[in-house]
Amino acid sequence: FFFFFLRLLSTMLRTLTSVSRLPLASRLLITAPNRLYTSSLIEGSNEVQTPKLPEKYSRIHQADPQKRAFTYFVVGTAGFAYAAAAKNSATGLLDTMSASADVLAMANSEIELASIAEGSTVTFKWRGKPLFIRHRTDQEIKAAVDDDNSPDLRDKQTDAVRVKDPKWLILLGVCTHLGCVPLPGSGDYAGFFCPCHGSHYDTSGRIRKGPAPLNLEVPPYKFIEDGAKVLVGAE
């Protein structure tokens, strides 16, 4: 908006300047009832014949330079006012589109880990999606690490890049095939199983079998209070 009004202002100023530089006859069209008074070229010569105008049309004055400067000032002031108003409108629109601090705080979930027993998975809700937090056993951790180089890994990731603490596996419970919710502790790899179309995930949430193209998503999170809690939504 700001650049649009500056361009409009520049165009108006150029137009006023160009008109003021034209000859008086080019700037004014003087008409009288039933007659049009214009200059004409005498046939056979280079002389221009200017008809005599009636007395009431003969007193034509050049534009006053002071009035012209005032016109420029008014146009310029109006242009800057419009540009400032457009800037304020755009800023207000962007502010309404940005999430406020309280909305961002609600987007984070703080979860205590002490109540989650080893070998169990607890489902929470985070940003409208199911969130799986699994307290893995030593056997599950070993199985995930041993399969880091397995040839049937479709979306290759090591277990180390998917967890921050091997004991805790934190995933979005949304199947990457069609968005169904997988069942924890199920499937051919004892990880997660989606019964809708038969996708099998291992104990690291990696797709191993079925139509799903990608591993289960790992949300942003960090451990707080010496690992007693996890804050999901912040890193």
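Me: Which residues are buried in helix H6 (residues 138–146)?

Reply: First, the terms. Buried means under 20% relative accessible area, exposed over 50%, partly exposed in between (1.4 Å probe, protein chains only). Helices (H or I, at least four residues) and strands (E, at least two) are DSSP runs, numbered from the N terminus. In H6, Glu140, Ile141 and Ala144 are buried. This is a predicted model: local features need pLDDT of at least 70, side-chain atom pairs count only at pLDDT 80 or more, and totals for chains, interfaces and linings use all residues. Residues are numbered from 1 along each chain as its sequence is written, and side-chain values use heavy atoms, without hydrogens and water.

Me: Why are these three on the same side of H6?

Reply: An α-helix has 3.6 residues a turn, so residues three or four places apart point the same way. Here Glu140, Ile141 and Ala144 cover an arc of only 100° around the axis (taken from the directions from the helix axis to the C-beta atoms).

Me: What does the face turned away from the buried side carry?

Reply: Exposed residues: Asp138, Gln139, Lys142 and Asp146.

Me: What do the buried residues of H6 pack against?

Reply: Strand S7 (contact means heavy atoms within 4.5 Å). S7 spans residues 129–135, and five of its seven residues are buried.

Me: How many bridges join S7 to strand S8?

Reply: Two strands pair if DSSP finds at least two bridges between them. S7 and S8 (residues 168–172) run antiparallel, joined by five. His135 has Trp168 as its bridge partner in S8.

Me: And which strand is joined to S7 by six bridges?

Reply: S6 (residues 121–126), also antiparallel to S7. Val122 has Ile133 as its bridge partner in S7. Two residues lie between the strands of this hairpin, where Arg127 takes a positive phi near 55°.
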